[in-house]
Amino acid sequence: STVGVFFIMTMGGLDFSQGSIMGISSIVVCLLSGVNMFLAVIGGIVAGAAIGAFNGYFYVNRKIKSFIVTICTMFLFRGFIKYMASNSPVAASMKVYDYDTTPIKLGITILVLAVGFIAFRFTRFGIDLKAIGAGEKAAKFAGIRTDRVKFLIYVLAGAITGLAAFVNIVKNGSATANAGNQLETQMLIALVLGGMPISGGAKVRFENIIVGSLLYIVLTNGLI
């Protein structure tokens, strides 16, 4: 999930709705897991991407500040999560425990990090993001379709969190009313610990994700 927020912050945006995206996607994965596990994974990704598109639409097309839009969607979808899971957790099929193995969970993590690293470091994707973060008007005059890029990044961030929801359900077996609670705060803290500039721009490094996440895990476990 932190990879998606990293991309959003690189272009100067914020996303406080990631925890709610995780919760909604987790519920979708649980509901579809009884039908087919592949469908459950796709359903989680699509649910996350749809909420990301919702955020991107109001941010890009309606010109509402990203932190306002995502705070609103955070509370909106947190309400849906409470409604669907407050009486009892939404249980997944017992088949999900077949995927609760270190190779699968570690493989998904490494795959997301590897694809994100290659795209950010070696393609125009990363250049465009840093250019928008450094100066959106200049990026627009340089030929970058800034609105399109910003919208797609929110969709991508939602989709990545939807995939993370599958890993969450594989570990926990059900989605509770607190699924994804405070996730957005944890990711922002991790990125800042890793040296991520809040305003994004040219000084952003992909290593901020790995360093920050490791520092956050060491601190939280050490404090316990």
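The buried residues of α9 (183–193) are covered by elements that include α1, α2 (18–33), α4 (66–85) and α10. Contact here means heavy atoms within 4.5 Å, and helices (H or I, at least four residues) and strands (E, at least two) are DSSP runs numbered from the N terminus. The model is a predicted one, in which local features need pLDDT of at least 70 and side-chain atom pairs count only at pLDDT 80 or more, whereas totals for chains, interfaces and linings use all residues. Residues are numbered from 1 along each chain as its sequence is written, and side-chain values use heavy atoms, with hydrogens and water left out.

Within α9, the buried residues are Leu183, Glu184, Met187, Leu188, Ala190 and Leu191; buried denotes under 20% relative accessible area, exposed over 50%, and partly exposed the range in between (1.4 Å probe, protein chains only). Viewed down the helix axis, the buried residues of α9 fall within an arc of 160° and therefore line one face of the helix, the arc being that of the directions from the helix axis to the C-beta atoms. Gly195, with a positive phi near 95°, follows α9.

Leu191 also belongs to the largest nonpolar core, which has 29 residues; Phe6, Phe7, Phe120, Leu129, Ile153 and Leu191 touch the most other members. At least two residues of this core come from each of α1 (2–10), α3 (37–61), α6 (124–134), α8 (146–172) and α9. A nonpolar core is a set of buried Ala, Val, Leu, Ile, Met, Phe, Trp, Tyr and Cys residues joined through side-chain atoms within 4.5 Å. Beyond its neighbours within four places in sequence, Phe7 is in contact with Gly116, Phe120, Phe125, Leu129, Ile153 and Leu156. A second, separate core comprises 22 residues, among them Ile21, Val41, Val167 and Ala175.

The largest pocket has a volume of about 1200 Å³. Of its 29 lining residues, Ser1, Thr2, Thr109, Lys171 and Ile217 are the closest to the pocket centre. Two or more lining residues are given by each of α1, α5 (102–122), α8, α9 and α10 (207–223). By class, the lining consists of 18 nonpolar, nine polar and two charged residues; Ala, Val, Leu, Ile, Met, Phe, Trp, Tyr, Cys and Pro count as nonpolar, Asp, Glu, Lys and Arg as charged, and the others, Gly among them, as polar. On a 1 Å grid over the protein atoms alone, a pocket is an open set of points where a 1.4 Å probe fits, with protein on both sides within 12 Å along at least five of seven lines, and lining residues have an atom within 4 Å of a point. Grid points are joined across faces, edges and corners, and the volume is the space filled by probe spheres set on the points.

Helix α8 also contains Thr161, which is buried at 0% relative accessibility. Not counting residues up to four places away in sequence, Thr161 touches Ser1, Gln18, Ile21 and Met22. Thr146, likewise placed in α8, is buried at 2% relative accessibility. Glu136 lies in helix α7 (residues 136–141) and is partly exposed, with a relative accessible area of 30%. Apart from neighbours within four places in sequence, Glu136 is in contact with Ala131, Thr146, Asp147 and Lys150. Glu136 and Leu191, 55 residues apart in sequence, are separated by 22 Å from C-alpha to C-alpha.

Val112 is located in α5 and, leaving aside neighbours within four places in sequence, is in contact with Val3, Ile160 and Leu163. Ile127, in α6, is exposed at 54% relative accessibility. Ile127 and Ala202 are 75 residues apart in sequence and 8.5 Å apart in space, C-alpha to C-alpha.

Most residues other than glycine have a negative phi. Lys63, although not a glycine, has a positive phi of about 60°. This residue lies in the loop between α3 and α4, and Lys63 is exposed, with a relative accessible area of 57%. Gln182 also has a positive phi, near 70°; it is situated in the loop between β2 (174–175) and α9 and counts as partly exposed at 42% relative accessibility.
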